[in-house]
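Dear colleague,

I am passing the structure below on to you, and after it you will find my notes on what turned up when I went through it. Please read them with the coordinates open beside you.

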Amino acid sequence: GLSTQPIWRKLWDDVMKTRPPNSENITCWRKKFLETFFSNVLHGVLDVSSDWRLNDHHFSPLLHSSPHVSQLTLCNMLQDAVELTAEHNQKVLENLAGSLRILKFQHLLSSDQSIRRSLVLLLHRLIHHGSVSQVSMYSWPVPDTVLLILILSMSAGFWRSGNALAYHSSPCGLCREEDKAQSQESAQEQAERGRYNERESGNGDNQKGSPRALEEADAEVNGYGAEACLNSVLSGPRSPPLRNQAREEASSEVPCDHSSIQGGSSPCCVSDQLLCHPVLRKTRRRMKSAVGKKRRCLRRSRGPYADPEDLYDFVFTVAKEDNSGLVDKNSTTEGENAGNWTSSSPGSPCTGHAGCKKRGSAGIFSLKATHRFRSVSTLELFSIPLTGETCRTLSNLLSSWVSLENLVLSYNDLGANIFCILSGLRALSRHSDCHLRVVRVSDVFSHMPCMELVRCVLSAFPQLHTLSVSFDLKNQLEGNKPEGNPSCSEVEIPESCLEQLEIRFPREPLHTTFLLPVLKASKSLQQLSLDSATLPCSQQLGLLLEALKECNPALKKLSFHDVNLAEHQKEVLVLLQDPVLQEITFSFCRLFESSTTEFLSEIINTVKRNSSLKSLKLPGNRLGNHRLVALADIFSEDSSSSLCQLDVSSNCIKPDGLLEFTKKLEGHIQQRGGQIQFTHLRLFQNWLDQDAETAQEALRRLKAVCSVVNDSWDSSQAFADYISVM
């Protein structure tokens with residue numbers, strides 16, 4: 001029954017010799033120590049020979065700590081991948097396959113072929129045959145296209161096929177076991193089909209041209225034929241949820257031609273034999289047309305790859321084939337049209353972009369060269385520029401990534417390629433087993449109005465729980481584009497499951513007309529955040545509040561950041577009176593820029609009467625000392641407030657003002673007999689360094705009342721930085 005936390009905390013100090021970041025948030029020091037210990041040994045930061053307790057040749061640091069590692073970061077030249085896939089670390093890799101959940105890549109550099117081979121083996125073991133559910137990539141200013149596409153494709157569960165694994169001398173043992181089991185299952189199915197065909201053959205040749213015969217042929221092409229094709233091209237889905245998805249991809253993208261299968265030893269599938277009959281060829285075309293409307297079906301040449309062992313060919317051969325004119329220019333690429341946001345498609349919200357239709361993309365991923373394995377459920381890309389070819393690859397992967405639950409694209413310099421990403425998401429939305437619930441997109445420049453993007457995504461994914469759209473600046477080319485693009489504004493948004501909506505406008509006007517349909521469709525909305533929007537007229541905020549009250553009765557959290565509310569005092573008071581809202585944020589909203597003393601008193605009295613409000617955040621509103629002291633009256637004896645958290649960061653508060661606030665708060669608590677619900681006070685970036693002694697006394701007395709979170713902020717340096725920017 002004794003806790004070992006102090007022992008692990010002391011071990012951290014003895015071995016790591018550093019101060020852990022965010023130590024106040026660490027709940028289990030044992031896990032924190034062992035996980036950090038593994039990473040430091042792997043990265044070469046920690047020398048085990050320097051500690052006598054660890055310097056033992058019988059002790060393997062990586063093996064001992066690997067079962068406790070839930071997240072791992074690979075950096076730079078990916079030498080860690082080489083180490084983990086080495087023969088002597090086989091048991092370490094097995095442990096990681098069971099414990100690792102989050103795999104991160106940071107500050108990657110270009111790597112040679114041998115390191116890529118190790119990376120392929122590592123990803124195959126940890127993702128395809130492991131437990132990794134999240135892949136995150138950070139800070140890659142000039143990404144290696146081949147390496148980036150490799151990580152993306154394997155995260156999506158794709159891997160190229162061949163007589164053996166692409167980068168190993170012998171097939172994966174786990175793959176061999178699964179293939180053996182699947183081969184036995186396939187053999188049983190073949191035998192059952194053979195017996196079924198023998199029974200049906202007794203019905204006579206006169207039924208071959210009947211409608212029933214054509215229906216049976218259709219079933220053969222759509223079912224058994226596609227399945228046999230799939231078994232010969234793909235190594236089979238590695239988990240039950242992927243089975244139907246893989247069959248659909250095989251019938252829509254992978255041609256049923258044994259000559260295109262690497263190795264060339266697979267027999268001709270059933271559908272090839274059936275398609276020799278002209279009537280069945282028409283049936284097959286009808287089936288392809290139906291599938292083409294469901295997802296992208298890019299036509300490919302059937303020529304084999306020049307070098308099956310070359311990763312470069314794996315990524316780029318398709319583009320060479322398409323550019324060389326091998327693709328039938330007269331063929332109808334229905335899948336391309338279905339994958340784009342074309343106005344001709346029923347219910348499509350906006351016009352497609354030429355970048356989505358471009359042939360010869362080096363990033364297009366060919367399913368006929370891959371196997372389908374387990375895929376991750378979360379993909380995050382931070383500060384990684386995505387070129388057109390990479391976006392087309394990602395779009396193609398997204399179109400069938402049904403296991404994906406969370407997608408985060410942050411500062412990827414998408415530009416017009418946002419339409420390509422949207423086309424992939426649109427294709428994904430057509431899968432009945434799509435699991436996407438969270439989408440976050442942020443970038444410097446917006447290529448389409450924020451509300452248009454929000455409506456496009458929601459119309460395709462009404463099942464989303466969280467949608468975040470954030471842009472810093474408006475694209476100059478789009479600066480004069482009207483907010484209400486008819487292709488999006490006329491589309492009806494179905495009732496959605498949206499619970500959290502975050503929009504950061506690039507200084508765009510907030511027109512309630514375009515936000516209102518989104519709010520009406522989101523009856524379950526619980527959190528709404530509006531950032532950097534401008535209010536074109538005083539009535540807009542009032543209309544928004546009326547819409548929220550009418551359409552979103554479940555709204556619990558409302559946040560405004562960098563929205564000028566100086567002239568909207570009435571609306572601010574209406575919000576503070578709301579009996580449903582539990583958290584309200586007015587961050588850098590210039591609340592008191594042109595206000596009077598009466599306005600502050602009205603705010604305090606309103607909050608005192610509101611028993612549902614739990615959190616009030618007022619950072620960056622120039623409260624100053626006197627307004628902070630006045631806010632202490634929220635907790636007076638006659639107050640019915642249930643306020644637990646108060647955020648007054650970046651409000652020009654000085655030590656003497658904080659001390660006076662503390663004394664007044666102590667007096668109210670004493671009058672109420674110590675009965676107060678106030679628990680958290682945030683004081684980041686205030687002028688507490690101007691009198692360290694007074695500040696320390698105020699903080700000491702405050703911490704006896706509530707939890708105080710502050711920082712050691714140099715106000716003089718911050719002011720100098722502000723002047724230099726001006």
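This is a predicted model: local features need pLDDT of at least 70, side-chain atom pairs count only at pLDDT 80 or more; totals for chains, interfaces and linings use all residues.

To begin with the overall picture, the protein has 27 helices and 17 strands, and of its 726 residues, 52% count as buried. Among the contacts between residues at least 6 apart in sequence, 85% join residues that are at least 24 apart.

The crossing in which α17 passes α18 is right-handed. On the α17 side the contact is made by I418, L422, R426 and S429, and on the α18 side by L453, V457, S459 and A460. Sorted by class, the residues in this contact of α17 with α18 are five nonpolar, two polar and one charged.

A second pair is formed by helix α22 (residues 569-577) and helix α23 (residues 597-609), whose axes come within 9 Å and cross at roughly 15°. By the cut-off of 35 degrees, α22 and α23 are therefore roughly parallel to each other, and α22 passes α23 in a right-handed crossing. Here Q569, V572, L573, L576 and Q577 of α22 meet F599, E602, I603, T606 and V607 of α23, and the contact of α22 with α23 divides into six nonpolar, three polar and one charged residues.

Turning to backbone geometry, most residues other than glycine have a negative phi, and two residues may interest you on that account. S383, which is not a glycine, has a positive phi of about 55°; S383 sits in the loop between β6 (378-382) and α16 (388-398), and with a relative accessibility of 36% S383 counts as partly exposed. C652, also a residue other than glycine, has a positive phi near 60°; C652 belongs to the loop that runs between β15 (645-647) and α25 (655-671), and at a relative accessible area of 31% C652 is partly exposed.

As for individual cysteines, C420 counts as buried at 2% relative accessibility, whereas C537 is partly exposed, with a relative accessible area of 29%.

Finally, a few words on T512, which lies in helix α20 (residues 512-521). Is T512 buried or exposed? Its relative accessibility is 7%, and because buried means under 20%, T512 counts as buried. Once the neighbours within four places in sequence are left aside, T512 is in contact with Q540, L543 and L544. T512 and A547 are 35 residues apart in sequence, and the distance between them in space, C-alpha to C-alpha, is 8.7 Å.

Definitions and conventions: Residues are numbered from 1 along each chain as its sequence is written. Side-chain values use heavy atoms; hydrogens and water are left out. Buried means under 20% relative accessible area, exposed over 50%, partly exposed in between (1.4 Å probe, protein chains only). A crossing is left-handed if the near helix is turned anticlockwise from the far one by less than a right angle, and right-handed if clockwise. Helices (H or I, at least four residues) and strands (E, at least two) are DSSP runs, numbered from the N terminus. Contact means heavy atoms within 4.5 Å. Ala, Val, Leu, Ile, Met, Phe, Trp, Tyr, Cys and Pro count as nonpolar, Asp, Glu, Lys and Arg as charged, and the others, Gly among them, as polar. Axes are lines fitted to C-alpha atoms, for helices over the stretch in contact, and angles run from 0 to 180 degrees between N-to-C directions. Angles under 35 degrees count as roughly parallel, over 145 as roughly antiparallel, 65 to 115 as roughly perpendicular and the rest as oblique.
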